[in-house]
Amino acid sequence: AQNKKDLTKFRLGFELRTMNSWTVQWTPKDDSLLLVGIFRHGFGNWVKVRDDAGLQLQNKLFLEEDMLDKQPRQDHIERRAVYLLKMIRERAGAPPPEVKQEVPRHKGRGTRNSMEVKQ
């Protein structure tokens, strides 16, 4: 079994779209390390991912309010992470995840406009 330090050697084995619009040079290695950070700290824990010294992303993720002129910010990182995970799923041949949508319920139980189904 690999320990967490060995995970930083992980690399994706396929081409991805580049991020030329960001204010830092973002490389395929950074994509791989972002995925390792998600594995270690959980999706959405961008501060922990950024601050993980082993990932070397401290100067590549701009999460503070005073850094609005720099990219990638939190929303950019989240979109990139979703894209990376989608590409991995597609390469693995896995079907897209099922998304359950909640049916809105109205207060008027048993009325014509009610979305509830009585049995």
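I started with Lys-60: its side chain reaches the backbone oxygen of Gln-25 at 2.6 Å. This is a predicted model, where local features need pLDDT of at least 70, side-chain atom pairs count only at pLDDT 80 or more, and totals for chains, interfaces and linings use all residues. Residues are numbered from 1 along each chain as its sequence is written, and side-chain values use heavy atoms, with hydrogens and water left out.

**Lys-60, continued**

I found Lys-60 in the loop between H2 and H3; helices here are DSSP runs of H or I, at least four residues, numbered from the N terminus. Is Lys-60 buried or exposed? With a relative accessible area of 18%, Lys-60 is buried (under 20%; exposed is over 50%, partly exposed in between, 1.4 Å probe, protein chains only). I then listed its contacts (heavy atoms within 4.5 Å). Skipping neighbours within four places in sequence, Lys-60 touches Val-24, Gln-25, Trp-26, Thr-27, Asp-30 and Pro-72.

**Helix H1**

Asp-30 also turns up among the buried residues of H1. I checked this helix next: H1 covers residues 28-41, 14 residues in all, and reaches 20 Å from its first C-alpha to its last. Because 10 of those 14 residues are buried, H1 is largely enclosed by the rest of the structure. Part of the cover over its buried residues comes from helix H2 (46-51) and helix H3 (74-92).

**Ile-88**

My last stop was Ile-88, which sits in helix H3. At 32% relative accessibility, I logged Ile-88 as partly exposed.

Notes
Helices (H or I, at least four residues) and strands (E, at least two) are DSSP runs, numbered from the N terminus. The expected span of a helix is 1.5 Å times one less than its number of residues. A polar contact is a pair of N or O atoms within 3.5 Å; within protein, one must be able to donate a hydrogen and the other to accept it, and residues adjacent in sequence count only if both atoms are side-chain atoms.
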